[in-house]
Amino acid sequence: MDALRELIPFLRDKNPQVRKVALSNLLSHTPKGSLYRSVFLEGLQSGGLQKPKESNLLRDLKLLCRDQVDVAHDAFRALINLSDSSIIIGSLTDANFLNFLVSYIISPQAVLADLAAMLLSNLSPSSVTCASLVSMEIQAVFEPKLASQCFPVLSRCGSCPAPVPYPSGEPKEVLALPLLVDAFVQGAQVEEDLSKRQRKGQLHFLASVFANLSTSTVGRDFFYTPHLTNTFEPLSRMEYPLSKIMPFTEHDDTIRRGGAASTIKNCAFHAGGHKALLSSESIQIAVPPSNIPAPGIDALASILLPLAGPEEFDLEDQEKLLEPLQFLPPTKKREPDDVIRLTYVETLLLLCHTRWGRDYLRSHGVYEIIRAAHENDVNEQVQEQIERLVQLMKGDEPSVGPSEEEEFAAARDIGSSDVTQLAQKSLAEEEDDEDSRIEEI
């Protein structure tokens with residue numbers, strides 16, 4: 001332990017090789033369960049009304065994330081390992097470091113953007129982090145030649161050089177979250193040659209950030225509030241940020257697929273957004289509290305495709321299906337991950353919480369897809385939730401009920417716990433059956 005403490009001053013040495021050696025020796029003690037991990041917790045205070053304090057060691061690690069590539073790499077890895085501690089998270093969610101982290105991820109030149117995204121993913125379950133991300137603004141210089149069309153000023157460091165020539169414009173304060181979504185979309189570019197990619201990182205872990213963000217009301221409001229398709233082009237069309245997540249429900253990477261599925265499900269907890277979520281792009285619709293209309297998200301095909309297999313339907317059933325689900329090839333495979341499949345079935349259950357939603361699912365071939373899914377799925381929990389979904393879709397509707405306007409007007413007041421209780425009331429055959437509870441991820 002004393003030998004490790006003696007290494008700490010060398011993290012501030014002027015020689016980068018000395019910093020590298022000191023950090024590499026400390027790194028092996030950062031994973032959970034390491035014998036001397038407590039050295040990183042010394043001097044930390046958190047809880048109650050007292051403002052969290054950070055140790056000099058943590059401050060050094062945060063500064064080293066801006067160092068040369070090999071040093072910054074180990075600094076990011078150390079903080080990723082340590083970020084499972086609630087005490088340490090308090091030090092990692094300060095405004096300055098979060099601003100650097102987000103700016104770094106947004107920058108196309110960031111060599112270690114994937115590690116930064118992983119760290120942000122670990123921090124995002126914190127309500128402090130989510131609140132900061134929703135309102136965060138970063139300083140950026142507009143540059144149309146860059147993949148992100150901007151250079152985030154605070155991203156500049158040893159592993160993220162400034163573009164050459166440096167953009168000539170003045171830095172402007174811009175919302176960070178829409179740029180993070182755009183970076184996530186660009187990171188999915190398929191190109192083995194890194195020199196030809198728009199970005200150095202793939203940023204799959206941003207999907208987990210969005211999933212954690214969408215568990216909060218303010219996070220869901222962001223995904224249901226239209227933003228410019230291009231932040232730096234005032235005349236570009238308005239679009240729901242959630243619509244940019246939809247193409248990744250069948251991506252090859254499990255982290256990206258799972259995060260996209262969880263984000264969609266969590267947004268489905270806001271029943272007032274169901275109409276925008278399901279409506280086609282030809283329909284302009286606003287989701288309260290926003291009064292800005294944007295094209296519908298048209299999410300149903302993206303939700304159903306992971307549940308669809310290669311089964312052939314007769315012509316009558318084929319005509320009920322959405323076009324992307326018709327005549328799927330014999331090579332079509334269902335989502336292999338049980339948890340992700342369950343997430344989509346629970347999303348469909350949530351979309352059944354209004355009469356409008358149930359009618360929409362009935363008229364767009366959902367029953368045909370989930371019937372085939374039920375016949376082929378061996379996971380008992382998935383089968384059980386499909387059966388509950390069928391009960392809702394095939395059940396008789398009351399002859400008299402609230403109007404569509406009344407349903408959606410009341411839906412804004414339904415919180416996450418209320419939606420869960422409503423799902424239990426509608427779906428559970430026995431009271432207090434925790435196995436059937438739909439919860440946010």
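Contact here means heavy atoms within 4.5 Å. The model is predicted: local features need pLDDT of at least 70, side-chain atom pairs count only at pLDDT 80 or more, and totals for chains, interfaces and linings use all residues. Residues are numbered from 1 along each chain as its sequence is written, and side-chain values use heavy atoms, with hydrogens and water left out.

**Exercise 1.** Describe the surroundings of Thr 249.

Solution.
- Step 1: Locate the residue. Thr 249 lies in the loop between β7 (238-239) and α12 (254-268); helices (H or I, at least four residues) and strands (E, at least two) are DSSP runs, numbered from the N terminus.
- Step 2: List the contacts. Leaving out residues up to four places away in sequence, Thr 249 touches Arg 257, Ile 264, Ser 302, Pro 306, Glu 335 and Tyr 344.
- Step 3: Check the side chain. The side chain of Thr 249 reaches the backbone oxygen of Ser 302 at 3.0 Å.
- Step 4: Classify exposure. Thr 249 counts as buried because its relative accessibility is 4%; buried means under 20% relative accessible area, exposed over 50%, partly exposed in between (1.4 Å probe, protein chains only).

**Exercise 2.** Work out the strand order of the open sheet and find its edges.

Solution.
- Step 1: Order the strands. The open sheet has 3 strands in the order β4-β3-β5, with antiparallel pairing; two strands pair if DSSP finds at least two bridges between them.
- Step 2: Find the edges. β4 (150-152) and β5 (172-175) each have a single partner strand, so one side of each lacks a neighbour in the sheet.
- Step 3: Examine one pair. Strand β3 (residues 137-142) is joined to β4 by 3 bridges, and Val 141 stands opposite Phe 151 in β4.

Note on methods:
Polar contact = N/O pair within 3.5 Å; in protein donor to acceptor, adjacent residues only side chain to side chain.
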